[in-house]
Amino acid sequence: MGRYLLRRLANYLVLVIVAASLTYFLAGLSLNPRAKFEGRNPPLPASSITKTLDDYNMNPDTPILSRFGHWAEGVRPRRPRQDHRR
């Protein structure tokens, strides 16, 4: 019974990873975040728009694989830092 539950848990983990990755790629390739800034009145400078999109990792000029790698690093769980001071 334990092996069955572990196998099911592993399957669900793979499913979540694949679904999140596909969703990221689909959104990254089809949405246009620059359009939100281009319709403003008064218009924002292009350099300001690019800087904001870079800060949020949403710049369509950056390759999608590079953006995905940056996003995946932030999603990956990290071990807590241990403080050795006493």
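## Basis and confidence

The model is predicted: local features need pLDDT of at least 70, side-chain atom pairs count only at pLDDT 80 or more, and totals for chains, interfaces and linings use all residues. Residues are numbered from 1 along each chain as its sequence is written, and side-chain values use heavy atoms, with hydrogens and water left out.

The chain has a mean pLDDT (the predictor's confidence in each residue, from 0 to 100) of 90, and 95% of its residues reach 70 or more. Among the elements of the chain, H1 has the highest mean pLDDT (95) and H2 the lowest (89). Helices are DSSP runs of H or I with at least four residues, and strands are runs of E with at least two; both are numbered from the N terminus. Where pLDDT is low, the predicted coordinates should not be read in detail.

## Aromatic pairs

Rings of Phe, Tyr and Trp (its six-membered ring) pair if their centres lie within 6.5 Å; planes under 30 degrees apart count as stacked, over 60 as edge-to-face and the rest as tilted. By this rule there are five aromatic pairs. In one of them, the ring centres of Tyr24 and Trp71 are 5.0 Å apart and the planes meet at 25°, so the pair is stacked. Tyr24 belongs to helix H1 (residues 2–30) and Trp71 to helix H4 (residues 64–75), so the pair ties together parts that are 47 residues apart in sequence.

Tyr24 is buried, with a relative accessible area of 16%, whereas Trp71 is partly exposed at 31%. Buried means under 20% relative accessible area, exposed over 50%, and partly exposed in between (1.4 Å probe, protein chains only). One aromatic cluster is formed by Tyr24, Phe25, Phe68 and Trp71.

## Helix H4

The buried residues of H4 are Ile64, Arg67 and Phe68. Seen down the helix axis, these buried residues fall within an arc of 100° (taken from the directions from the axis to the C-beta atoms), so they line one face of H4. They pack against H1, where contact means heavy atoms within 4.5 Å.

## Backbone features in the loops

Most residues other than glycine have a negative phi, and most peptide bonds are trans. The peptide bond from Asn41 to Pro42 is cis, with omega near 10°. Pro42 lies in the loop between helix H2 (34–38) and helix H3 (46–55).

Asn57 is not a glycine, yet has a positive phi of about 60°. This residue is placed in the loop between H3 and H4. Asn57 is buried, with a relative accessible area of 18%.
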